[in-house]
Amino acid sequence: MADTPSCCYPCATCLLCLYSCQWITTKKEKRKGLKTTKCDCSWFLFLFCVFLFTLVWLYFTIIILNDFHNFNEFIFKQRKLWLDWSLVLLIATAVLITYSAVLLVLALCLQLCSQPLKLHWLHKTLLILTALVVAAAFTGLGIKWAEEWRSARISLQATGPFLHIGIVGGMTLLAWPLASFIYHTRNTGLNVFLLFLYCSVMIALYLVPLGITSPCIMEENQLPPKPALVGHRGAPMLAPENTLMSLHKAVDCDVQVFETDVMVSADGVPFLMHDEGLSRTTNVQAVFPERADLNSTAFNWTDLQQLDAGSWFLERRPFPTVQSLSAGDHYQVTKQRIPSLEQALKVAKQSNISIMFDLRPENHSDYQSFVNATLDVILQSGIPLQQVLWLPDGFREQVKQRAPGVKQVYGRKRLQNEKEALLHVNLPYQDMSSEEIRQYRQDNISVNLYVVNQPWLFSVLWCSGVSSVTTNACQVLKEMTYPIWLLPSSTYLMIWIVVDCISFLAILWAFLLLKTCSRRRRAVESETDVLLTKINSLMQE
């Protein structure tokens, strides 16, 4: 490492102070003979790896926001505590990525200024803690929420081309401090190793697009029709879930299907409710405190009608959109009660939308009577049976006999030796690949995937050709008239070649420029040394 810095003394001193937590002037540094050791290089490499680690976690954090409401519900069921944990996760991730990024920038600037990379022990400790926290987060994700790994793979179909450009750009910028380090270090073996490693990584990055596939790389005239929207429990971002207000809001969002969940009360009245308990979406704790933990099927219809099914929405604010509700909406929310299936069917019939539902709980001893009670309400409602989409697997043959016009929707993929052809399937979006979606579409099988809230995910499934998606964010997806991006393969090929060529030329320029600067600096240092030698000789004479 050269002793003479490439930047002004105040800047070098400030950078050393922030990185090393010591106020060291350049003259003191010379006196002490400080230089970057192999141990310091190892800590810089560790810092770089921690930064990449936290960067990958930030990407995962953004991806899992699509499904984070499920996590909030899970925590509530376990701890009876409601909080938007996505906000906590984002803040924590932002702190970790900012800290590691600032340290990395400081280290790169120190390298360009020819200063030693003496990382303070406090920074070392915090970096180790950062790595452990992120590792624990990934471990927890893999154990408790393994399907999100499949979500990440799907997200690469939306972000792959742009991640490639970003990574190539970042690695191209890294050529400057790398070239500076190589020209300031006389360790030939280390220089050759670093140069070989960097070149290998860049060549691999230049060829990465060969493995990038995305359904949105297609010609515009090949784009399938926009998927229909299915309101997940109505429009839960705009109104309390599974209420008539939520159903009306979903209708305003132009959804074609209202997706809900049906329970049956103790006196045989089917009603809308997702959770087996009533604590999350009603004030049962205040009205019936001694019965608050009972299954919702243990309450009769008269008791259920006494519960407030809306105020929790304003108190807990399950979605950020609650803050934007009008005063009229606020008042309407407080008037919501648990609706019966009969009321929901009446609204669906008037609005000419379909209704799709699960019948819970499937393991109840009286489940057959639940099926019969539900069918009775459907047949008596007068709704056209083709507007009813039946999801429950239990007693499906009985349903087909009593109501042959009801559309049977299956929560599984088709089998090889399927006795009866499937016409409608309803699956998590992680369970079907783009190729399977296209194949089902060719075979005239309607595919509905759930739960799709983010525009990037909706765009990927749109390009894949999915028939419909179940969503919490119908008001957002309604406004989309086109996928976020759509690139013809020829255009993507051109972008790929241009980016790689610009990157290669920038790297070449960085190494040549810094080599020229290094030669000039060494020439100046040599002349200075000669002059100092002559002066010293004259003084001795």
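The following legends describe close-up views of a predicted model.

**View 1. The disulfide of cysteine 216 and cysteine 463.**
A search of the whole structure finds 1 disulfide. The link is formed by cysteine 216 and cysteine 463, whose sulfur atoms lie 2.3 Å apart. Cysteine 216 belongs to the loop between α9 (188-207) and β1 (228-232), and cysteine 463 to helix α19 (residues 455-464), so the pair ties together parts that are 247 residues apart in sequence. The link is right-handed, with 95 degrees about the S-S bond. Cysteine 216 and cysteine 463 are both buried.

**View 2. Cysteine 109 and cysteine 253.**
Cysteine 109 has a relative accessibility of 29% and therefore counts as partly exposed. Cysteine 253, at 5% relative accessibility, counts as buried.

**View 3. The packing of helix α3 (residues 38-64) and helix α5 (residues 85-112).**
Two packed helices are described by the angle between their axes and the distance between the axes. Here the axes of α3 and α5 come within 9 Å and cross at roughly 150 degrees. Because of this angle, α3 is roughly antiparallel to α5. The crossing in which α3 passes α5 is left-handed. Residues of α3 that make the contact include Phe44, Phe48, Phe51, Trp57 and Ile64, and those of α5 include Leu89, Thr93, Ile97, Ser100 and Leu108. By class, the contact of α3 with α5 has 18 nonpolar residues, 4 polar residues and no charged residues.

**View 4. The packing of α5 and helix α6 (residues 121-144).**
The axes of α5 and α6 come within 11 Å and cross at roughly 140 degrees. This angle makes α5 oblique to α6. The crossing in which α5 passes α6 is left-handed. From α5, the residues Leu96, Tyr99 and Leu103 meet His123, Leu126, Leu127, Thr130, Val133 and Val134 of α6. The residues of this contact of α5 with α6 comprise 7 nonpolar, 2 polar and no charged. Leu96 and Leu103 of α5 also take part in the contact with α3.

**View 5. Glutamine 442 in helix α18 (residues 434-442).**
Glutamine 442 is placed in helix α18. With a relative accessibility of 59%, glutamine 442 counts as exposed. Glutamine 442 and glycine 465 are separated by 23 residues in sequence, and their C-alpha atoms are 9.7 Å apart in space.

Terms used
Residues numbered from 1 in each chain as written. Predicted model: local features only at pLDDT ≥ 70, side-chain atom pairs only at ≥ 80, totals over all residues. Heavy atoms only, no water. Disulfide = S-S within 2.5 Å. Helix = DSSP H or I, 4+ residues; strand = E, 2+ residues; numbered from the N terminus. Buried < 20%, exposed > 50% of the residue type's maximum accessible area, 1.4 Å probe, protein only. Axes fitted to C-alpha atoms, helices over the stretch in contact; angles between N-to-C directions. Parallel < 35°, antiparallel > 145°, perpendicular 65-115°, else oblique. Left-handed = near helix turned anticlockwise from the far one by under 90°. Contact = heavy atoms within 4.5 Å. Nonpolar A, V, L, I, M, F, W, Y, C, P; charged D, E, K, R; others polar.
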